[in-house]
Amino acid sequence: MDMKKFSLTKHDPRITELINNTDHKTLAIWAIDCFNSGRYLFNKDYPENQIIDKALDTLKSWINDEISMWEARKYCWIVLKAAREIEERDKVACQILRACSHTLAVCHVPSHSEGTCMYIISAIKIYYKDKENVIELMEKERVWQINHLLELKEN
(Lines give C-alpha, C1' and ligand atoms only; values in the text may rest on other atoms or scores of the structure.)
Protein backbone atom coordinates (compact mmCIF):
# COMPACT_ATOMS: atom_id res chain seq x y z
CA MET A 1 0.00 0.00 0.00
CA ASP A 2 1.30 3.41 -0.96
CA MET A 3 1.34 5.37 2.30
CA LYS A 4 1.04 8.65 0.40
CA LYS A 5 -2.50 7.49 -0.36
CA PHE A 6 -3.19 6.01 3.08
CA SER A 7 -6.80 6.12 4.19
CA LEU A 8 -8.68 4.38 6.96
CA THR A 9 -11.17 3.25 4.33
CA LYS A 10 -8.65 1.47 2.09
CA HIS A 11 -7.63 -2.06 2.99
CA ASP A 12 -4.11 -3.30 2.37
CA PRO A 13 -4.46 -6.47 0.27
CA ARG A 14 -1.27 -7.94 1.78
CA ILE A 15 -2.73 -7.73 5.27
CA THR A 16 -6.15 -8.93 4.14
CA GLU A 17 -4.61 -12.07 2.66
CA LEU A 18 -2.55 -12.73 5.77
CA ILE A 19 -5.58 -12.26 8.04
CA ASN A 20 -7.63 -14.65 5.96
CA ASN A 21 -4.96 -17.33 6.43
CA THR A 22 -4.20 -16.88 10.14
CA ASP A 23 -5.96 -18.40 13.13
CA HIS A 24 -8.10 -16.24 15.37
CA LYS A 25 -5.98 -16.20 18.52
CA THR A 26 -2.78 -15.51 16.60
CA LEU A 27 -4.51 -12.46 15.15
CA ALA A 28 -5.46 -11.36 18.65
CA ILE A 29 -1.82 -11.61 19.77
CA TRP A 30 -0.74 -9.76 16.63
CA ALA A 31 -3.29 -7.00 17.27
CA ILE A 32 -1.96 -6.53 20.80
CA ASP A 33 1.61 -6.31 19.51
CA CYS A 34 0.65 -3.89 16.72
CA PHE A 35 -1.28 -1.79 19.18
CA ASN A 36 1.67 -1.69 21.58
CA SER A 37 3.95 -0.44 18.80
CA GLY A 38 2.00 2.84 18.78
CA ARG A 39 0.82 2.96 22.37
CA TYR A 40 3.55 5.44 23.31
CA LEU A 41 1.59 8.12 21.43
CA PHE A 42 -1.16 7.82 24.04
CA ASN A 43 0.91 7.10 27.12
CA LYS A 44 3.06 10.21 26.73
CA ASP A 45 0.06 12.45 27.51
CA TYR A 46 -2.10 10.06 29.54
CA PRO A 47 0.30 7.94 31.61
CA GLU A 48 -2.20 7.37 34.43
CA ASN A 49 -5.09 6.32 32.19
CA GLN A 50 -5.89 2.63 32.73
CA ILE A 51 -8.47 2.09 29.97
CA ILE A 52 -5.90 0.57 27.60
CA ASP A 53 -4.47 -1.79 30.20
CA LYS A 54 -7.96 -3.03 31.04
CA ALA A 55 -8.79 -3.57 27.35
CA LEU A 56 -5.58 -5.49 26.67
CA ASP A 57 -5.91 -7.54 29.84
CA THR A 58 -9.48 -8.37 28.82
CA LEU A 59 -8.32 -9.61 25.41
CA LYS A 60 -5.53 -11.63 27.01
CA SER A 61 -8.12 -13.26 29.27
CA TRP A 62 -10.12 -14.22 26.18
CA ILE A 63 -6.98 -15.57 24.47
CA ASN A 64 -6.35 -17.74 27.55
CA ASP A 65 -9.97 -18.98 27.57
CA GLU A 66 -10.64 -17.34 30.93
CA ILE A 67 -13.65 -15.34 29.67
CA SER A 68 -16.09 -15.63 26.80
CA MET A 69 -16.03 -13.54 23.67
CA TRP A 70 -19.30 -11.91 24.75
CA GLU A 71 -17.81 -10.90 28.07
CA ALA A 72 -14.62 -9.55 26.48
CA ARG A 73 -16.46 -7.65 23.77
CA LYS A 74 -18.50 -5.60 26.25
CA TYR A 75 -15.49 -3.44 27.11
CA CYS A 76 -15.13 -2.29 23.46
CA TRP A 77 -17.98 0.15 23.94
CA ILE A 78 -16.28 1.78 26.91
CA VAL A 79 -13.09 2.28 24.88
CA LEU A 80 -15.05 3.70 21.93
CA LYS A 81 -16.89 6.09 24.23
CA ALA A 82 -13.55 7.34 25.55
CA ALA A 83 -12.34 7.83 21.95
CA ARG A 84 -15.41 9.89 21.07
CA GLU A 85 -15.04 12.01 24.21
CA ILE A 86 -11.42 12.90 23.43
CA GLU A 87 -11.68 13.27 19.64
CA GLU A 88 -12.17 17.05 19.46
CA ARG A 89 -9.26 17.93 21.71
CA ASP A 90 -6.74 15.17 20.89
CA LYS A 91 -6.93 13.45 17.50
CA VAL A 92 -3.88 11.29 18.10
CA ALA A 93 -5.18 9.92 21.40
CA CYS A 94 -8.53 9.33 19.74
CA GLN A 95 -6.88 7.24 17.00
CA ILE A 96 -4.97 5.24 19.60
CA LEU A 97 -8.16 4.55 21.56
CA ARG A 98 -9.90 3.47 18.35
CA ALA A 99 -6.96 1.15 17.67
CA CYS A 100 -7.40 -0.22 21.18
CA SER A 101 -11.09 -0.83 20.58
CA HIS A 102 -10.31 -2.72 17.36
CA THR A 103 -7.68 -4.72 19.22
CA LEU A 104 -10.21 -5.88 21.78
CA ALA A 105 -12.85 -6.45 19.08
CA VAL A 106 -10.62 -9.12 17.52
CA CYS A 107 -12.18 -11.51 20.05
CA HIS A 108 -15.43 -11.09 18.13
CA VAL A 109 -14.27 -10.64 14.51
CA PRO A 110 -10.69 -11.56 13.54
CA SER A 111 -10.50 -8.93 10.79
CA HIS A 112 -10.68 -6.17 13.40
CA SER A 113 -6.94 -6.80 13.70
CA GLU A 114 -6.53 -4.82 10.49
CA GLY A 115 -8.36 -1.92 12.14
CA THR A 116 -5.74 -1.92 14.87
CA CYS A 117 -2.99 -1.59 12.27
CA MET A 118 -4.80 1.10 10.33
CA TYR A 119 -5.53 3.28 13.37
CA ILE A 120 -1.93 3.00 14.60
CA ILE A 121 -0.71 4.21 11.20
CA SER A 122 -3.33 6.96 11.23
CA ALA A 123 -2.07 8.11 14.64
CA ILE A 124 1.50 8.15 13.32
CA LYS A 125 0.37 10.17 10.31
CA ILE A 126 -1.35 12.77 12.50
CA TYR A 127 1.35 12.94 15.19
CA TYR A 128 4.25 13.29 12.74
CA LYS A 129 2.39 15.33 10.10
CA ASP A 130 4.95 18.13 10.18
CA LYS A 131 7.95 15.83 9.84
CA GLU A 132 9.54 15.36 6.44
CA ASN A 133 9.79 11.61 7.00
CA VAL A 134 6.17 10.98 8.04
CA ILE A 135 5.53 8.72 5.03
CA GLU A 136 8.70 6.78 5.79
CA LEU A 137 7.57 6.31 9.40
CA MET A 138 4.18 5.06 8.24
CA GLU A 139 5.79 2.66 5.77
CA LYS A 140 8.22 1.41 8.41
CA GLU A 141 5.30 0.65 10.71
CA ARG A 142 3.38 -1.21 7.98
CA VAL A 143 6.41 -3.31 7.05
CA TRP A 144 6.90 -4.18 10.71
CA GLN A 145 3.21 -5.11 11.06
CA ILE A 146 3.35 -7.49 8.09
CA ASN A 147 6.67 -9.03 9.05
CA HIS A 148 5.54 -9.50 12.63
CA LEU A 149 2.43 -11.38 11.56
CA LEU A 150 4.52 -13.58 9.30
CA GLU A 151 6.79 -14.34 12.28
CA LEU A 152 3.84 -15.20 14.51
CA LYS A 153 2.41 -17.51 11.86
CA GLU A 154 5.71 -19.40 11.70
CA ASN A 155 5.75 -20.06 15.45
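This report covers the helix packing, the nonpolar core and a few individual residues of a predicted model.

## Basis of the values

Residues are numbered from 1 along each chain as its sequence is written, and side-chain values use heavy atoms, with hydrogens and water left out. Because the model is predicted, local features need pLDDT of at least 70 and side-chain atom pairs count only at pLDDT 80 or more, while totals for chains, interfaces and linings use all residues.

## Packing of H6 with H7

Helix H6 (residues 91-105) packs against helix H7 (residues 112-127) at an angle of about 170°, and their axes are 7 Å apart. Helices here are DSSP runs of H or I with at least four residues, numbered from the N terminus. Axes are lines fitted to C-alpha atoms over the stretch in contact, and angles run from 0 to 180 degrees between N-to-C directions. H6 and H7 are therefore roughly antiparallel (an angle over 145 degrees).

On the H6 side, the contact (heavy atoms within 4.5 Å) includes Lys91, Val92, Gln95, Ile96, Arg98 and Ala99. On the H7 side, the residues include His112, Gly115, Thr116, Tyr119 and Ile120. By class, the contact of H6 with H7 has 9 nonpolar, 7 polar and 2 charged residues. Ala, Val, Leu, Ile, Met, Phe, Trp, Tyr, Cys and Pro count as nonpolar, Asp, Glu, Lys and Arg as charged, and the others, Gly among them, as polar.

## Packing of H2 with H6

H2 and H6 also pack at an angle of about 170°, with axes 9 Å apart. This pair is therefore roughly antiparallel. Ala31, Ile32, Phe35 and Gly38 of H2 meet Ile96, Ala99, Cys100 and Thr103 of H6. The residues of this contact divide into 6 nonpolar, 2 polar and no charged.

## Nonpolar core

The largest nonpolar core has 53 residues, and those with the most contacts inside it are Trp30, Phe35, Ile52, Leu59, Trp62, Ile96 and Leu97. Such a core is a set of buried Ala, Val, Leu, Ile, Met, Phe, Trp, Tyr and Cys residues joined through side-chain atoms within 4.5 Å. Helices that each supply at least two residues of this core include H1 (13-20), H2 (24-38), H4 (51-63) and H8 (134-154). The largest share, 9 residues, comes from H6.

Phe35 touches Ile52, Leu56, Ile96, Ala99, Cys100, Thr103, Thr116 and Ile120, not counting residues up to four places away in sequence.

## Thr103

Thr103 lies in H6 and counts as buried, at 0% relative accessibility. Buried means under 20% relative accessible area, exposed over 50%, and partly exposed in between (1.4 Å probe, protein chains only).

The side chains of Thr103 and Thr116 are joined by a polar contact of 2.9 Å. A polar contact is a pair of N or O atoms within 3.5 Å; within protein, one must be able to donate a hydrogen and the other to accept it, and residues adjacent in sequence count only if both atoms are side-chain atoms. Not counting residues up to four places away in sequence, Thr103 touches Ala31, Ile32, Phe35, Leu56, Leu59 and Thr116.

Thr58 is in H4 and is buried, with a relative accessible area of 10%. Thr58 touches Ile67, Ala72 and Leu104, not counting residues up to four places away in sequence. Lys60, also in H4, is partly exposed at 39%.

Asp65 lies in the loop between H4 and H5 and counts as exposed, at 61% relative accessibility. Asp65 has a positive phi of about 60° although it is not a glycine.

Key: Angles under 35 degrees count as roughly parallel, over 145 as roughly antiparallel, 65 to 115 as roughly perpendicular and the rest as oblique.
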